[in-house]
Amino acid sequence: MGQMSMNKVIHGAFRRDLDRFIAALAAFQPGDRARATALGTAWANFDDQLTYHHEGEHEIAWPALAAVGVSPELLAAMDAEHETMAAALSETRTAMAALLRDPGVGPASSAQAAFQKLRAVTVQHLDHEESELEPVYQAKRDTPEIKAMGRAFGKSGLARGGRFFTWVLDGASGEEEAAVRAEVPGPVIAVIGGIFGRGYRRDIAPVWSGNDAQR
């Protein structure tokens, strides 16, 4: 197996954030409205990133994978898992909105339970997807279809791209960082991340340092 795909790198960022949310909510002090607001800001980013990713897979990745031989049945199974994950995302949105209105014991407990469910269904899907599709990405990475898929995902715009790279590299392992930098030149990441990743570094990255402070 060669260098991991960008898809697997993104999955690593989802797993990290889900673990961070659950740890933060386990340590949450009832009544801490500032902490609830900070978690709400981090949640808005996570919700956006996960929704954009799974919708993009359906619209961009699945046609490319079908073109290189992945079965329609497998892609349909992946879409069914996406629907389960989307339902859990919706439940978590509701729980986080309640926590922002009232950062008390009940809403914090409900938010933690929602994240635990979201993590369970998301990680189950990510594990399944990686077991089935990571070998395809590895074997077909130089085909025109997979290269075109990468270019299509890259057309997200500078603002989204800068925030995305800043987020995906926040806590990335050495292997994950190497995979990103093999796909995107370092100067490009530095420029768009420096300009468009500032909001993430200012508003969201400090939320996770707060996990340690509350333990």
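This is a predicted model: local features need pLDDT of at least 70, side-chain atom pairs count only at pLDDT 80 or more; totals for chains, interfaces and linings use all residues.
Visitor: How much space lies in the largest pocket?

Guide: Rolling a probe the size of a water molecule over the atoms shows where empty space is left. Here the largest pocket has about 890 Å³ of space. Its lining has 31 residues, and those closest to the centre are Met-6, Met-149, Gly-150, Phe-153 and Gly-154.

Visitor: Which element gives the largest share of the lining of that pocket?

Guide: Helix H6 does, with six residues. By type, the lining divides into 16 nonpolar, nine polar and six charged residues.

Visitor: Which residues form the nonpolar patch on the surface?

Guide: Leu-158, Val-191, Ile-195 and Phe-196 form it, with about 350 Å² of accessible area together. Helix H8 gives the most, three residues. Phe-196 is in helix H8 and counts as partly exposed because its relative accessibility is 33%, between the limits of 20% and 50%.

Visitor: How many salt bridges does the structure hold?

Guide: A salt bridge pairs a side-chain nitrogen of Lys or Arg with a carboxyl oxygen of Asp or Glu within 4 Å. The structure holds 14 of them. In one, the closest N and O atoms of Arg-93 and Asp-47 are 2.7 Å apart. Arg-93 lies in helix H3 and Asp-47 in helix H2, so this pair ties together parts 46 residues apart in sequence.

Visitor: Is Asp-47 buried or exposed?

Guide: Asp-47 counts as buried, because its relative accessibility is 11% and buried means under 20%.

Methods:
Residues are numbered from 1 along each chain as its sequence is written. Side-chain values use heavy atoms; hydrogens and water are left out. On a 1 Å grid over the protein atoms alone, a cavity is a set of points where a 1.4 Å probe fits but cannot get out, and a pocket is an open set with protein on both sides within 12 Å along at least five of seven lines; lining residues have an atom within 4 Å of a point. Grid points are joined across faces, edges and corners, and a volume is the space filled by probe spheres set on the points. Helices (H or I, at least four residues) and strands (E, at least two) are DSSP runs, numbered from the N terminus. Ala, Val, Leu, Ile, Met, Phe, Trp, Tyr, Cys and Pro count as nonpolar, Asp, Glu, Lys and Arg as charged, and the others, Gly among them, as polar. Patches are made of residues with over 30% relative accessible area and no salt bridge: like charges are joined within 9 Å, nonpolar side chains (Val, Leu, Ile, Met, Phe, Trp, Tyr) within 5 Å. Accessible areas come from the Shrake-Rupley method with a 1.4 Å probe; for residues, only the protein chains shown count as cover. Buried means under 20% relative accessible area, exposed over 50%, partly exposed in between (1.4 Å probe, protein chains only).
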